[in-house]
Structures are given as C-alpha cells and as structure tokens.
Amino acid sequence: MRAVCFVERIEFELSGNVFKNAITLGDVDNDGHSELIIGNSDGDISIFKGDKCWQKLSGLGMVSAICVGDVMNCGSNALIVICGDGWCHIYLSLQPKTEEPEESSVSGKLQRIHIQRIPPNTKMILLGDIDNDGKQELVMGLTDRVVRSYRWQRSVSGGKLVCLNKWECARQIGSLTLNHGPQGAPCLLVSQPGGTYMRIRTEAKETDENDKSIQVDHRLFALSKLDLTGDGRDEIVACSWDGQTYIVDQSKHSVRFQLEESVAGFCAGMYSISTTSSPVPCLIYTTFSNKVYIYHNVKLASLASKSLMFKVVEGKDAVNEVCAEDVVSDRKKLKNLIEWCLYNKHTL
C-alpha cells in the first residue's frame, strides 16, 4: 500500500477531551458554507468558520455526540447536541439568511430553542430519512446495545422529539450509517464487532447480518466517506488511534496517510476554508495534545498505482490513434499490448 502526503493544513488549540462522535461538519447557520463543530467532555462546543473560532457554547455537560441537519423538518439546519447524562440540546440560528457574516455579532448567532430528557449513555447519533417518508428522523445508538429513532413533533408549545422505534442489538454498536438501495429505499446499517453489521429496514421491519471487512494492521476507530478523486464516487476514509489513515475506493485500491500524533477524534467531509470560497474535501483530526488539524484540498488523481512507463506511452499520438480506431477495446488489453511491444511479454 503506497503512502501519500498532505501538506495544506490549519491548526487550532482546543482544550478538553473529545469523544469520537463529538466532531462533525455541517452548515449550522444556513449560510451555504460548512462549519466545523467540536464538543468536549467539559461541556463546551466550539464552532469554527474557516481559520477562526466563530462561536463557543458552554455549560452543557459531557458532550458525547453532535450532528447538524433539519431535525425539525422546517427547512433550516439545527445543531443537535447529546450529553452523556441524558440531555438533548437543539440550537438554531435565528438571524436572517440575508444577513452578511461581517455585519452580524459574534455572540448569539446560535440560540438554544429546545432541551429534552432522553435515555442516558447515548454515544452516537445520525440524522436522515430512514423510513422514506420525506421527513428527517434522529437515530441514536446507546452503550447498552440499543438503537432508537425519533422524529420532531410540533405542538402548541413548540414541539419535542418523539420516539418511533427501538431495536436491540446482539453486540456493541460501533457506528451508524444510512445507505440507499438500487430503488432508493433507505437502509440503516449498524456496525458490530467482528467485521459484521446489522441491517435495519424500517418499512419491512427486517434485520440481518453480513460480513464486510478490510484487512489493516492498525486498530481503526472512525470511518467516514468522501470523494477524494473527483469521480463522483465516495471513498472510504478510516482512521486509527495512532494517526494512520486509510483511504479505500470501491475497487479496493487503497493508500495511507500518517498523522504524526495519536488521534482522539476524526471526521472527513467538505469544509469552507473561507466564506468566499467553495467547500473543499478535508480530513480533520483532534489529538490528545489539545490540537485540531484540518488538512484541506486533500485531492488525489487516483488511488490505483500506475506504471510510469504506461503513463508516458499512453500520451503518445500513435497509441491514441490505435485506441480511436477500436483496435484495442479496453485499458487492460492496451496495457498488455504495450508490454508485448516493449518486453515481448505474450499475454494477449
């Protein structure tokens, strides 16, 4: 497996311990740009825009998980904060969407609009339409091997999260993810120890287990998906505690990147380096030395290794003419033809 090196990065100081699900990317203030949100065990939430801390929230208790999305199904994103002692906090930006960031004050951009008691020991959350009804549901994974789903229900007093489903898993929950089938049907995947996962379809009320694994020599603790090659397909980005990061595409080609420190939290996604630029793919790490590293513009031409000989010969006009005349129908045969001409390797 070949190694890659990313050099463009932004660095922040951040005190307190960060749980692995208390870091996320999202447009929390509905301005069209992605922000970085990190919560710690001291009850602080730090929201970063570009290379600056945009807002800080305090006094929440031990933050175990956070996410950003339209949890109230009202057309505006909100910040959902889950604390280990069993409280759910929802924050919303109440400033007009037309207001320019330079004209708004630093304090008061996000305001808490709801607080609700939930089962304690929630360690991860996911927001998505899990039952294909056009509305967002909030899914929570607990340390007691239970998965619950909630939906926001409006009322005269404002509204609250109402529990819809409860599923009990046979083993500990590693992560939650929402996938869609060929017809667009949603499917909730719950990873479990041993390289297996439980699949939940809320419409059919069915569950099953499958084996999916990737062989690596480091202990992984966080998974994300991100298109790093620009081909429209997501790659899997997996991070280990010692900073080793694996990037794997759908053809099982892989590369690795090594951070020089041990990692406490990790996520990958699109982040706006400035309010005037479009979001770019980023790898984000929090470390045990109270640092936050944002590696931006992490783009790769391809994850597959290429022969230098093949890359040079491929650019020749004569080779392109052969391909244009359909003499060689696919890339593998073209490679075999070049090797046959240069090295007399009869593999055609």
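1. E260 is an exposed residue, its relative accessible area being 51%. Exposed here requires a value over 50%, so E260 falls in that class with its 51%. The model is a predicted one, and the points below should be read with that in mind.

2. Where in the fold does E260 sit? The residue belongs to the loop that runs between β22 (254-258) and β23 (263-271). D242 is 18 residues away from E260 along the chain, and the C-alpha atoms of the two are 8.2 Å apart.

3. Which residues does E260 touch, once neighbours within four places in sequence are set aside? They are R9 and Y295. With R9 there is also a polar contact between the two side chains, at 2.9 Å. An exposed residue can thus still have contacts of this kind: E260 has 51% relative accessible area and is in contact with R9 and Y295.

4. Is S93 buried or exposed? Its relative accessibility is 10%, and buried means under 20%, so S93 counts as buried.

5. The surroundings of S93 can be listed. Not counting residues up to four places away in sequence, S93 touches V28, D29, K109 and L110. For K109 there is a further detail: a polar atom of the S93 side chain lies 3.4 Å from the backbone oxygen of K109.

6. On the cysteines, how many disulfides does a search of the whole structure find? The count is zero. C88 is in no disulfide, and the nearest cysteine sulfur belongs to C67, 8.4 Å away.

7. Two cysteines may be set side by side for accessibility. C88 is buried, with a relative accessible area of 0%, whereas C53 is partly exposed, with a value of 42%.

8. Some totals for the protein close the note. Its secondary structure consists of three helices and 25 strands. There are 348 residues, of which 46% count as buried. Among contacts with a separation of 6 or more, 44% are between residues 24 or more positions apart. The protein exposes about 18000 Å², and carbon and sulfur atoms supply 49% of that area.

Definitions and conventions. Residues numbered from 1 in each chain as written. Predicted model: local features only at pLDDT ≥ 70, side-chain atom pairs only at ≥ 80, totals over all residues. Heavy atoms only, no water. Helix = DSSP H or I, 4+ residues; strand = E, 2+ residues; numbered from the N terminus. Buried < 20%, exposed > 50% of the residue type's maximum accessible area, 1.4 Å probe, protein only. Contact = heavy atoms within 4.5 Å. Polar contact = N/O pair within 3.5 Å; in protein donor to acceptor, adjacent residues only side chain to side chain. Disulfide = S-S within 2.5 Å. Areas by Shrake-Rupley, 256 points an atom, 1.4 Å probe, with all protein chains shown as cover.
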